[in-house]
Structures are given as C-alpha cells and as structure tokens.
Amino acid sequence: MASYYERMINFAPCMRDKTTLEAIRERYAADTSRMNDCMMRQLASSNALMTQVITANLRTKGKQIRPLIVMMCARMFGPVTDKVISAATAIEMLHNASLIHDDVVDESMMRRNSPTINSVWDNHIAVLVGDYYTSGAMQQAISTGDIRIVDSLCRLGKKLSLGEIDQIYNAREHSLSEEAYYKIIEYKTASLFVASAEMGCYAAGVEDKHIIESLSEFARLFGLCFQIRDDIFDYYRSETVGKPTGNDLREGKITLPLLYALTVEDAPGHTDAAELAARQELTADEIERLCSFARDNGGIDYAFAAMKNLRDRGARLLEAVPDCPQRHELLDLFDFIIARDH
C-alpha cells in the first residue's frame with residue numbers, strides 16, 4: 001500500500017489547480033491590491049537608501065497567505081473594509097520584518113530565489129529595515145482604532161521573538177523532543193496565523209468569543225501544519241523542492257521527521273544518526289545521511305500523519321462558524337498547504 005506521503009504527492013497536482021490558492025487569490029485580488037498599496041504608502045520614505053532597499057524587497061511578495069486569512073475571516077461577517085485592510089497590512093508588514101531579521105540571524109543569502117537584504121546591503125541595514133517594517137506595522141494597527149488589534153499584534157511580536165530565541169537555545173543545547181519542536185513552531189510560525197484570524201474577526205466587528213476562539217485555534221493548527229510541511233522539504237534534494245537540502249540541519253535545527261526517526265531505536269544506523277544529530281557542525285555528507293535516515297525510518301510518513309490529524313481537528317473547529325464560502329476556502333487552503341510542492 002502506498003504511504004500517506006506518496007498518496008499526498010500523487011494528490012498534489014489536483015491541489016495546484018484553480019480550486020485552491022490560485023482561485024482564492026483571484027477572488028481576493030482587489031483586496032490584496034488595496035493591502036499592497038496601503039503597505040507601499042506606509043513604507044514611503046524620503047530616504048533614498050531606504051526606498052531602494054524596500055523597493056527591491058517588495059519585488060517578491062510571496063503567497064501573502066497571512067493577510068488573506070485576515071480578509072477571509074473578516075469576509076465571513078461582512079465586507080473587507082479599510083479597517084480590515086489596515087489589519088491585513090499590519091500582519092504582512094510584521095511578517096516581512098520577522099523574515100528580514102531571521103535572515104540576519106540565520107545568515108541567509110537567498111529568500112524566494114532573490115538575494116536577502118543582509119547579503120546585499122549588510123546586517124546593519126537589514127536590521128534597521130526590519131525595524132522600519134515593524135514600526136509601520138504598529139502604525140497600521142493603531143490606525144484601526146481597535147485596541148484589540150493593537151494588542152494582538154503586540155502579543156504576536158513577543159511570540160515571534162521568543163520563538164527565535166527558543167530555536168537558538170534548543171539548537172545549542174541539542175534539545176530533541178517533539179514538545180520543544182511544537183512550542184518553537186507555534187511561536188515562530190503558527191502565531192502569525194492566529195493573529196491573522198483574530199485581527200480579521202476584530203476588524204469585522206465580531207463579538208462572539210466562541211467564534212473568535214474557534215477561528216484562532218483553526219489558524220494555530222493551520223500554522224503548525226504549514227511549518228511541518230516546510231520542514232519536510234528540507235529532507236529532499238533541491239531539484240525536487242526548489243531549495244537547498246539540509247538547511248535546517250546545517251543550522252542545528254532538528255525537525256519532526258528526524259525527531260521521530262530517532263525514536264526508532266532498533267532502526268539500522270540509529271547510533272550513528274543519534275551521534276550526528278548531537279553535533280554542532282555537520283558536513284554535507286553527514287547531513288545527507290541524517291536526511292536518508294529520517295526518510296528510511298518513517299519520519300516523512302509520521303510528519304504527514306501529524307498534518308492530517310491537524311487538518312481533521314481544524315475541520316471540526318470550522319463547524320462552529322457560519323456555513324459560508326470563506327469557511328470552505330479555509331479548509332481548501334489547509335488541504336493546499338499539505339499537498340503543496342514548494
């Protein structure tokens with residue numbers, strides 16, 4: 001019987017058509033355009049260097065899933081107002097700030113197939129530009145006039161910072177537990193999606209606490225799944241997934257597939273793999289050996305099964321919200337995240 005991973009890979013082509021992310025983005029294209037215009041206005045500066053750096057940075061915008069979730073949650077209960085656009089802009093700007101700062105911490109040279117700010121202009125400029133994005137995000141949140149949105153964004157900034165610190169600490173201390181892994185990805189990744197759902201509800205004027213909590217918990221599960229899927233890519237060659245293999249291991253990050261495989265104590269090569277996983281630095285050959293160990297000992301299937309469980313829990317949570325197109329879009333987006341190939 002085909003593994004869950006193999007079934008999802010076979011399922012992926014149908015998930016990449018216009019029934020998922022592309023179709024959703026088309027439906028929200030006008031709102032997303034408003035959000036991007038708002039972000040450009042917020043980032044406008046009389047400083048020529050700042051303008052140059054930001055213009056280059058915004059050429060590659062990514063999928064912009066987080067602001068989409070703000071808009072989708074808001075549209076469940078009404079139109080995408082200027083308040084919703086400001087909330088979405090705040091989320092997207094703080095997300096960009098976190099990526100810029102992460103690239104400095106990780107010494108990354110490329111992101112979205114383009115040179116990072118730190119690789120082109122140096123760390124000093126990158127940190128300042130990231131701070132500029134953060135300040136702009138706060139201004140957008142304040143412009144909504146809703147203290148709940150400001151509070152949500154502030155709590156998000158705190159979690160992003162703590163998640164990064166936890167990740168650095170665990171890499172140095174070689175903390176190898178699923179509990180530690182899930183805590184890190186909840187703070188570093190899922191927190192952005194939680195804030196997106198919260199802020200979308202607040203901007204739409206939702207008062208029902210149960211609905212807000214249900215959508216926020218759905219977003220948390222979605223975010224966990226999003227990161228697990230990203231981590232799986234690291235175990236395959238770059239020509240398959242469009243990015244270098246073993247980046248996480250190179251940085252001392254042990255993710256879910258390898259964490260699981262290391263629990264299979266009778267697996268061939270377990271002693272060698274455990275010894276390599278505890279090292280501070282690894283060669284390219286050693287990284288490939290660890291990737292192979294994870295693939296060969298159920299790590300990928302385990303991670304996909306974890307994602308399926310998160311998806312099923314998320315689907316049950318959506319039963320608490322009105323039956324509307326956005327409810328189905330959110331679940332379609334969850335399926336897309338699991339099946340995506342990049």
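Predicted model: local features only at pLDDT ≥ 70, side-chain atom pairs only at ≥ 80, totals over all residues.
Local features need pLDDT of at least 70 and side-chain atom pairs pLDDT 80 or more, while totals for chains, interfaces and linings use all residues. Residues are numbered from 1 along each chain as its sequence is written, and side-chain values use heavy atoms, without hydrogens or water.

**View 1. Packing of helix H6 (residues 82-106) against helix H8 (residues 123-143).** The axes, lines fitted to C-alpha atoms over the stretch in contact, lie 8 Å apart at an angle of about 160°. H6 and H8 are therefore roughly antiparallel (over 145 degrees between N-to-C directions, on a scale from 0 to 180). H6 passes H8 in a left-handed crossing. Twelve nonpolar, ten polar and one charged residue make up the contact of H6 with H8.

**View 2. Packing of H6 against helix H9 (residues 147-173).** The two axes cross at roughly 15° and come within 11 Å, so H6 and H9 are roughly parallel (under 35 degrees). Their crossing is right-handed. Contact (heavy atoms within 4.5 Å) involves residues including Ala87, Ile91 and Leu94 of H6 and Leu153, Leu156 and Leu160 of H9. By class, ten residues are nonpolar, two polar and four charged.

View 3. The structure holds zero disulfides (pairs of cysteine sulfur atoms within 2.5 Å). Cysteine 73 is buried, at 1% relative accessible area (buried means under 20%, with a 1.4 Å probe and protein chains only).

Key: Helix = DSSP H or I, 4+ residues; strand = E, 2+ residues; numbered from the N terminus. Parallel < 35°, antiparallel > 145°, perpendicular 65-115°, else oblique. Left-handed = near helix turned anticlockwise from the far one by under 90°. Nonpolar A, V, L, I, M, F, W, Y, C, P; charged D, E, K, R; others polar. Buried < 20%, exposed > 50% of the residue type's maximum accessible area, 1.4 Å probe, protein only.
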